[in-house]
Amino acid sequence: MTPTPQHSPYKSTGGVRRIFNALRYSMQGLRAAIRYEAAFRQELVLAILLIPAAFFLGRSVIEVFILIMSVVLVLVAELLNSAIEALADALSVEMHPLLGRAKDLGSAAVLLLLIFTVAVWAGVAIGRFAH
C-alpha cells in the first residue's frame, strides 16, 4: 500500500495567483542576493558589462547567445550557492563537516562556471580577432 503524500501548507495549488506569488518570491530572492551577497553583486556588475559586450563580440546569434548564457549561468550558480550557504547557516553556525562540504561544493560549482565563462569568452574573442 502506497502512503499518501503529505502536502505542505506552504505550497500553492496553481492558477494565476501562483504565478504572481512565484514572481514576487523570485524578486525577493534577487533583492536578497543583491543586498546580502557580495559575490553576487560583483558578478552582477560583470554581467551588466559583459552582456552588452556580447552583442559586439559575437559574430552570430548563436555566439551572442552562448556568451550571454555563460554569464547568466554564473549568476544562477551563485544564487544556488548562496541558497546552500544560507540554509547551512540556518541549520547551524557551528563547524560541521557536511555543512562545510555543502558550502564548498556550491563554491566549486561557481568556480567551474567562472572558468567555463572565461574559456567561452576567450574562445569567441580569439575567433573574432585572430585571423
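How are helices α2 and α4 oriented relative to each other? In this predicted model, helix α2, residues 38–57, and helix α4, residues 97–129, pack at an angle of about 25°, with their axes 12 Å apart. Because angles under 35 degrees count as roughly parallel, α2 and α4 are roughly parallel to each other. The crossing in which α2 passes α4 is left-handed. On the side of α2, the contact is made by E43, L50, A53, A54, F56 and L57, while α4 brings V110, L114, W121, V124, A125, R128 and F129. Sorted by class, the contact of α2 with α4 has 11 nonpolar and 2 charged residues, and no polar ones.

**Helix pairs**

| Helix pair | Angle | Axis separation |
|---|---|---|
| α2 and α4 | about 25° | 12 Å apart |
| α1 and α2 | roughly 100° | within 6 Å |
| α3 and α4 | about 170° | 9 Å apart |

For helix α1, residues 16–36, the axis comes within 6 Å of that of α2 and crosses it at roughly 100°, which makes α1 roughly perpendicular to α2. Their contact is formed by L30, A33, I34, R35 and Y36 of α1 together with A38, F40, R41 and L44 of α2. In the contact of α1 with α2, 7 residues are nonpolar and 2 are charged, whereas no polar residue takes part.

Helices α3 and α4, whose axes lie 9 Å apart, pack at an angle of about 170°, and they are therefore roughly antiparallel to each other. The contact of α3 with α4 comprises 18 nonpolar, 5 polar and 5 charged residues.

**The nonpolar core**

The largest nonpolar core has 12 residues in all, namely A33, F40, A47, A54, L57, V64, L67, V71, L75, V120, W121 and V124. Two or more residues of this core are given by each of the elements α2, α3 (61–91) and α4. One of the core residues is L67, which, leaving aside its neighbours within four places in sequence, is in contact with A54, L57, G58, V120, W121 and V124.

A47, another member of the core, lies in helix α2. With a relative accessible area of 3%, A47 is buried, because the cut-off for buried is under 20% relative accessible area. Apart from neighbours within four places in sequence, A47 is in contact with P52, V71 and L75; of these partners, V71 and L75 are also listed in the core. A47 and V74, although 27 residues apart in sequence, have C-alpha atoms 9.1 Å apart in space.

Is F55 buried or exposed? F55 is found in helix α2, and at 54% relative accessibility F55 counts as exposed, since the cut-off for that class is over 50%. When residues up to four places away in sequence are not counted, F55 touches V64 and I68, and V64 is itself one of the residues of the largest nonpolar core. Between F55 and F65, which are 10 residues apart in sequence, the C-alpha to C-alpha distance is 8.9 Å.

Y36, placed in helix α1, is likewise exposed, with a relative accessible area of 55%. Y36 is among the α1 residues that make the contact with α2. The C-alpha atoms of Y36 and S82 are separated by 9.4 Å, with the two residues 46 residues apart along the chain.

Methods. Residues are numbered from 1 along each chain as its sequence is written. This is a predicted model: local features need pLDDT of at least 70, side-chain atom pairs count only at pLDDT 80 or more; totals for chains, interfaces and linings use all residues. Side-chain values use heavy atoms; hydrogens and water are left out. Axes are lines fitted to C-alpha atoms, for helices over the stretch in contact, and angles run from 0 to 180 degrees between N-to-C directions. Helices (H or I, at least four residues) and strands (E, at least two) are DSSP runs, numbered from the N terminus. Angles under 35 degrees count as roughly parallel, over 145 as roughly antiparallel, 65 to 115 as roughly perpendicular and the rest as oblique. A crossing is left-handed if the near helix is turned anticlockwise from the far one by less than a right angle, and right-handed if clockwise. Contact means heavy atoms within 4.5 Å. Ala, Val, Leu, Ile, Met, Phe, Trp, Tyr, Cys and Pro count as nonpolar, Asp, Glu, Lys and Arg as charged, and the others, Gly among them, as polar. A nonpolar core is a set of buried Ala, Val, Leu, Ile, Met, Phe, Trp, Tyr and Cys residues joined through side-chain atoms within 4.5 Å. Buried means under 20% relative accessible area, exposed over 50%, partly exposed in between (1.4 Å probe, protein chains only).
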